[in-house]
2 protein chains.
Amino acid sequence: MELWFTEEQTDNVRFSIKVKEHLFTGKSDFQQVDVFDTDEFGKVLAIDGLFMVTEKDEFVYHDMITHVAMATNPQIKNVLVIGGGDGGTVRELVRYKGIEHIDFVEIDGLVIKASREYLPITACGMDDERVDILVQDGIEFIKGKENVYDLIIVDSTDPIGPGEGLFTYEFYENCKKALTENGILINQNESPYYEGNAKEMKRAHKKIKEVFPISEVYQYILPTYPSGHWLFGFASKKLHPVRDFKPEVWNSLGLKTKYYNTDIHVGAFALPTYVREMLDSE
Amino acid sequence: MELWFTEEQTDNVRFSIKVKEHLFTGKSDFQQVDVFDTDEFGKVLAIDGLFMVTEKDEFVYHDMITHVAMATNPQIKNVLVIGGGDGGTVRELVRYKGIEHIDFVEIDGLVIKASREYLPITACGMDDERVDILVQDGIEFIKGKENVYDLIIVDSTDPIGPGEGLFTYEFYENCKKALTENGILINQNESPYYEGNAKEMKRAHKKIKEVFPISEVYQYILPTYPSGHWLFGFASKKLHPVRDFKPEVWNSLGLKTKYYNTDIHVGAFALPTYVREMLDSE
């Protein structure tokens, strides 16, 4: 018998992987959560039938969502992570000794539970004593916060379902208020390749650009996401991710990473012309 | 009725696209050639069941295989293209007025024929008067050539079947002899992500590095190739693709491109740490 898991990346495109074992399935108030074991990708976490995390390439995502901001401002002390219930973003953050506190706000306790049980590779950072795990809605959590966080990471799913409110003007305005003067906002900024993702990519960037004086977009290659071509947004009131970047400071920390390095930090902001044009057209 | 075309990217991974019409199928002495029409990718050329060219993203491949070399040395006059029977590489080259002659050597006339009929988007450059189309084996063609070409582009399939001899020491040595003093060799250098591709990536780079004093690798994102994370090699006797690069010269040419630009020229050489380590380990 062969078991295959298929993600419908668009109505016309399917990505399928051979499964050794369907380890977990569960339904929360928010979404369907599944964990598979596979030969090619190791353990795979899927939400509502979409690949979220695989043991083979989670390092790409978690390196790029954390280290670009941390290397731009190594003085970051107080961090808010919204989403990212698998724990991979928190795991990378707790490697920085200078970070004093992390509020880790995930709306769906089932994602945390499934990750703790089946994905210790990403969940392992959650138990660090500087991390407060708050199972609640990040949209509500951030309301009213002022001048608190040096870094906010929005580690969200697509803007459908629980992720939707994380792609609004109101949310980005609240992030701006919650950030300190040198604060940085990193957001999951979708993909330029398939039409549905590209539309959300443009919408998110347009909104953030209107809220923040500095708003850049950088790319990374994640083979298990549709097209493999994905983006994060970097927004701030003052710091620029390339002009204010001091590679020697980050390199002096001696952190070993599999994807991120100080060359790719800069290289990731060099976008293909068609992506640049899509972003500028909004 | 629904028609789907599936590429087996590895034994455990399948990429499937919905097909409107199977426009062409044919078998040459070398390989199986198919053309599909699709909603998502436009026309698609497949060889031996593998995606080669799609109308949607061929520009990524053809921009990156030509413009990096042409921008490093805008004085290039005489070019050899081996493979690339779809014509996309030649199409980008003939946009340069400074190029005087292109020898376009493709082993399989059926690929040229199918491309001329179904993919005018890539085949359109073949009729430029500076292009000599030679339907023969590039491995034999290059033997004995000395100090002839300013640029050799090896636009090959994977090192299986007719592409295999394009990944040997002997071939790379012959390329070196055939190049002028400032000559550049660009080769299709596989992918770091899936094991089979990564093995060939390392082998090709190891050989080229031993033959050429300058040997670098750069990346591009091609969603219809396995993992989307693909590489070209840049080798030469003298010119370095970043240190000898003068962006203002290329920008003054006023060529419009959809993927390539002078920022991504530099950014593409910034490789993820794990890819850098794989390449250096050989």
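**K207(A) lies over the face of Y169(A), at 5.9 Å from the ring centre.** In chain B, the charged end of K207(B) sits over the ring of Y169(B), also with 5.9 Å to the centre. A charge counts as sitting over a ring if NZ of Lys or CZ of Arg is within 6 Å of the ring centre and within 35 degrees of the ring normal. The model is predicted, so local features need pLDDT of at least 70 and side-chain atom pairs count only at pLDDT 80 or more, while totals for chains, interfaces and linings use all residues. Residues are numbered from 1 along each chain as its sequence is written, chains are lettered from A and ligands numbered from 1 in the order in which they are written, and side-chain values use heavy atoms, with hydrogens and water left out.

**An aromatic pair between Y194(A) and F41(B).** Over all chains, a search of the whole structure finds 36 aromatic pairs. One of them is formed by Y194(A) and F41(B), edge-to-face, with 6.2 Å centre to centre and 75 degrees between the planes. Y194(A) is in the loop between β11 (179–188) and α7 (195–211) of chain A, and F41(B) is in the loop between β4 (32–38) and β5 (42–47) of chain B, so the pair joins two chains. Y194(A) has 1% relative accessibility and counts as buried; F41(B) is likewise buried, with a relative accessible area of 1%. Rings of Phe, Tyr and Trp (its six-membered ring) pair if their centres lie within 6.5 Å; planes under 30 degrees apart count as stacked, over 60 as edge-to-face and the rest as tilted. Buried means under 20% relative accessible area, exposed over 50% and partly exposed in between, with a 1.4 Å probe and protein chains only.

**An aromatic pair between Y61(B) and F232(B).** The rings of Y61(B) and F232(B) are edge-to-face, at 5.1 Å centre to centre and 70 degrees between the planes. This pair links distant parts of the chain, 171 residues apart: Y61(B) is in helix α1 (residues 58–72) of chain B and F232(B) in strand β13 (residues 229–236) of chain B. Helices (H or I, at least four residues) and strands (E, at least two) are DSSP runs, numbered from the N terminus. Y61(B) is buried at a relative accessible area of 6%, and F232(B) is buried at 0%.

Ring pairs join Y61(A), Y218(A), Y220(A), Y225(A), W230(A), F232(A), F234(A) and F269(A) into a cluster. V68(A) lies in helix α1 (residues 58–72) of chain A and is buried, with 0% relative accessible area. Neighbours within four places in sequence aside, V68(A) is in contact (heavy atoms within 4.5 Å) with D63(A), Y218(A), F234(A), Y260(A), H265(A) and F269(A). V68(A) and K97(A) are separated by 29 residues in sequence and by 16 Å in space, C-alpha to C-alpha.

**H62(A) and E58(B), each in helix α1 of its own chain.** H62(A) is buried, with a relative accessible area of 1%. The side chains of H62(A) and E58(A) are joined by a polar contact of 2.7 Å. A polar contact is a pair of N or O atoms within 3.5 Å; within protein, one must be able to donate a hydrogen and the other to accept it, and residues adjacent in sequence count only if both atoms are side-chain atoms. Not counting residues up to four places away in sequence, H62(A) touches D86(A), G88(A), T89(A), R91(A), E92(A) and T122(A). In chain B, E58(B) counts as buried at 6% relative accessibility. Leaving aside neighbours within four places in sequence, E58(B) is in contact with V53(B), R91(B), I121(B) and T122(B).

D108(A) caps the N-terminal end of α3(A), with a side-chain oxygen 3.0 Å from the backbone nitrogen of L110(A).

**Helices α7(A) and α10(A).** The axes of α7(A) and helix α10 (residues 273–280) of chain A come within 9 Å and cross at roughly 55 degrees. The two helices are therefore oblique to each other. Axes are lines fitted to C-alpha atoms, for helices over the stretch in contact, and angles run from 0 to 180 degrees between N-to-C directions. Angles under 35 degrees count as roughly parallel, over 145 as roughly antiparallel, 65 to 115 as roughly perpendicular and the rest as oblique. A198(A), M201(A), K202(A), H205(A) and K209(A) of α7(A) meet V275(A), M278(A), L279(A) and D280(A) of α10(A).
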